[in-house]
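Reader: Please show me the protein and take me through its architecture by question and answer.

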Amino acid sequence: MSVIKSGQNGNTANVNDQGQVEVASVSETSLEYASKTNKKAYSWVSTYAATGGEEVIYIKNDSTSDVLVVDEVVIGSSVASIFTIFEVNSGTAAGTVLTAGNLNLSSGNTAPSSAFGNASVTGSLTGMTVAVDGVVAGGFETLDMKGALVLGQNDEIAVTASATGTVYVTVVGHFKAA
């Protein structure tokens, strides 16, 4: 095995018999980085006794400098239900105000967002459907958005549930420079 030595700081790297440099690395998700380093990772939680076909949660990105990246949406229901995540394309949403929880518990940062839930959200009109999934009675499902759902300034999303019963929706995401 050969060794490569840096001329600047004296650090070394091993080179194996196939000519490959052997390295070890540490990686973290964008969500973990946003929480730990930038303190800009949040969750919005809505629990509601729905009567069927209602918006359960609504979130708008109010940031003037950052996009909101949705990492995952957790859905659950006391009865079988279909959940639909969609873009909000018009209207003025209203309802019970939700405060996002910062996932870095030592941070006092607040999310630059408007959010409603814990009751029926009214006033917003659905646009493009982003995702649809269902759960069985008493079930939960995590929809891994893989950071692909991105809300720019003033972009809005909402989640509806078909159930007549208690439904649960948690949206987990982070803000990062646009």
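**Core, sheet and overall form**

Author: The largest nonpolar core holds 32 residues, and those with the most contacts inside it are Trp-44, Val-73 and Val-169. A nonpolar core is a set of buried Ala, Val, Leu, Ile, Met, Phe, Trp, Tyr and Cys residues joined through side-chain atoms within 4.5 Å; buried means under 20% relative accessible area (1.4 Å probe, protein chains only). The model is predicted: local features need pLDDT of at least 70, side-chain atom pairs count only at pLDDT 80 or more, and totals for chains, interfaces and linings use all residues. Residues are numbered from 1 along each chain as its sequence is written, and side-chain values use heavy atoms, with hydrogens and water left out.

Reader: In what order do the 5 strands form the open sheet?

Author: Strands are DSSP runs (E, at least two residues) and helices are DSSP runs (H or I, at least four), numbered from the N terminus; two strands pair if DSSP finds at least two bridges between them. E6 (residues 66-77) and E12 (residues 164-177) pair in the antiparallel sense over 11 bridges. The edge strands, each pairing on one side only, are E8 (101-102) and E10 (140-151). The pairing in the sheet is antiparallel, and the order is E8-E4-E12-E6-E10.

Reader: How many helices and strands does the protein have?

Author: Read along the sequence, the pattern is β-β-β-α-β-β-β-β-β-β-β-β-β. The protein therefore has, by the definition of DSSP runs, 1 helix and 12 strands.

Reader: Why is the protein more spread out than a compact globule?

Author: The globule rule is 2.2 Å times the number of residues to the power 0.38, and the radius of gyration is taken over C-alpha atoms. For 178 residues the rule gives 16 Å; the protein is more spread out because its radius of gyration is well over that, at 21 Å.

Reader: What percentage of the 178 residues is buried?

Author: Of the 178 residues in the protein, buried residues make up 40%.

How values were computed: Buried < 20%, exposed > 50% of the residue type's maximum accessible area, 1.4 Å probe, protein only.
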